[in-house]
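Trainee: I would like to learn how to read side-chain packing in a protein model. Could we go through the features in turn?

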Amino acid sequence: MKTSILKYLSICLLVISMLTACKKDFGDLNINPNASPIPSTKLLFGGAVTNIVGIHSADALLYTQHMAEFVYTQESRYFNKIYSYDPIYAAPLMDLQTIINLNTDPETRGKKYVTDNGSNNNQLGHARIMKAFLMLHITDRWGAVPYTEALKGTANSKPKFDSQKFIYNDLLKELKEAPLQITAGLPNDPLFDGNATKWKRWANSLRAIVALRMAKTEDVEVAKQAFAEAVGAGILSANSDNAIFKYLANVNFESPWFTNYVRGGRYDYGVSNTMIDKLVAFNDPRTPIFARTAINTGTFEGIPYGKNKTFDLTDYSLLGRAIYAQNAPLQITTYAQMCFTMAEAALRGWITGGDAAVSDWYNKGIDASM
């Protein structure tokens, strides 16, 4: 009996010692000697801006019937598909919230790895605008979403959902306050190359867009005032002001259309008949930019939209070569869009000029797109 107990104790001690050794060894293995525990706000901001390209997908162009599919036509027929906002929260939004936290925490706001990217207020202004842009996209697409309790990491893994009404109103506040904090450009700015004035115009333009989203709500008077303030502060006023992500002619930062069409050799998408028929009917000079002529006919032929069949790509128009160039830019918010925004505001009576203003701004939008 005594021998059995001693054997049992010996085994227990051996197991404990093994577990202790394993814990120590694995702890050492899990430390990456090449990774710095200190976050750089310069790299965080550049990463957040670079990651915004992920929110733009081909699905939107399918749902608006600008494009259609040659083979996999389910999406063109509005098959139910689950889209997740998790990557937006986990990557760019978390990076931006970290920048905000580091620039407001008394223990970190004066650290070199923070101030290397500019003054605290200046960084906060840029980060808040970028965060507002992403949250506007999320609530436009999903409605009520985590907002006030989001981005707290393990401190709150189940944040409450805020109403779209609340989020829109708070975005108006954020986009009003954030530009006032900007005093200079940031050294790592892939969007506007460090142009502080363009960041402010973009923020004002986004505020005007948010206001119009609220046009048919009980907050319409708040929205009208916010719209007037945003326009008065200065919105995008020329194509040179456009918010554009500039893809590069290298494999690391190339256009996803180039990756799909050229590098991957996948011709999944072409231009829809909905789009082509309108372009051809109006003799639109953008037609050869948006589309190529069909190989078999030499004319512009749109893919019949929403059909449950496979189409021969030689019979229909592929995307224009300029669209899938390796460094083709991604248009995010443009002067043309703001012209149409002003046209809608004129139609609603939010700005003066009546029908003449509607027509003028609408035509300006077309000209800007041309």
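Trainee: Let us begin with the rings; which residues do ring pairs link into a cluster?

Mentor: Phe45, Phe133, Phe192, Trp199 and Trp202 are linked into a cluster by ring pairs, where rings of Phe, Tyr and Trp (its six-membered ring) pair if their centres lie within 6.5 Å, with planes under 30 degrees apart counted as stacked, over 60 as edge-to-face and the rest as tilted. This is a predicted model, in which local features need pLDDT of at least 70 and side-chain atom pairs count only at pLDDT 80 or more, while totals for chains, interfaces and linings use all residues. Residues are numbered from 1 along each chain as its sequence is written, and side-chain values use heavy atoms, with hydrogens and water left out.

Trainee: How many aromatic pairs does the rule give, and how should I read one of them?

Mentor: A pair of aromatic rings is described by the distance of the centres and the angle of the planes. The count by this rule is 17 aromatic pairs, among them the edge-to-face pair of Tyr147 and Phe166, with 6.3 Å from centre to centre and 75 degrees between the planes. Tyr147 lies in the loop between strand 2 (145-146) and strand 3 (161-162), and Phe166 in helix 7 (residues 164-181), so the pair ties together parts that are 19 residues apart in sequence; helices (H or I, at least four residues) and strands (E, at least two) are DSSP runs, numbered from the N terminus.

Trainee: Is Tyr147 buried or exposed?

Mentor: Tyr147 is buried, at a relative accessible area of 14%, whereas Phe166 is partly exposed at 36%; buried means under 20% relative accessible area, exposed over 50%, and partly exposed in between (1.4 Å probe, protein chains only).

Trainee: Which ring does the charged end of Arg141 sit over?

Mentor: A charge sits over a ring if NZ of Lys or CZ of Arg is within 6 Å of the ring centre and within 35 degrees of the ring normal. The charged end of Arg141 sits over the ring of Tyr83, 4.9 Å from its centre, and Lys364 lies over the face of Trp361, at 4.4 Å from the ring centre.

Trainee: How do I read a helix, and what does helix 13 pack against?

Mentor: An α-helix has 3.6 residues a turn, so residues three or four places apart point the same way. In helix 13 (residues 335-347), the buried residues include Tyr335, Met338, Met342 and Ala346. The buried residues of this helix pack against helix 8 (196-213), helix 9 (220-233), strand 6 (330-333) and helix 14 (354-369). After helix 13 comes Gly349, whose phi is positive, near 80 degrees.

Trainee: How many residues of helix 8 are buried?

Mentor: Of its 18 residues, 13 are buried, so helix 8 is largely enclosed by the rest of the structure. Its N-terminal end is capped by Asn195, with a side-chain oxygen 3.1 Å from the backbone nitrogen of Thr197.

Trainee: Where is Ser255 found, and what does Ser255 touch?

Mentor: Ser255 is found in the loop between strand 4 (243-245) and helix 10 (256-263), and is buried, with a relative accessible area of 2%. Not counting residues up to four places away in sequence, Ser255 touches Tyr247, Ile323, Ala325, Gln326 and Ala328, where contact means heavy atoms within 4.5 Å. Gln326, in the loop between helix 12 (287-290) and strand 6, counts as buried at 18% relative accessibility.

Technical notes
The expected span of a helix is 1.5 Å times one less than its number of residues. A polar contact is a pair of N or O atoms within 3.5 Å; within protein, one must be able to donate a hydrogen and the other to accept it, and residues adjacent in sequence count only if both atoms are side-chain atoms.
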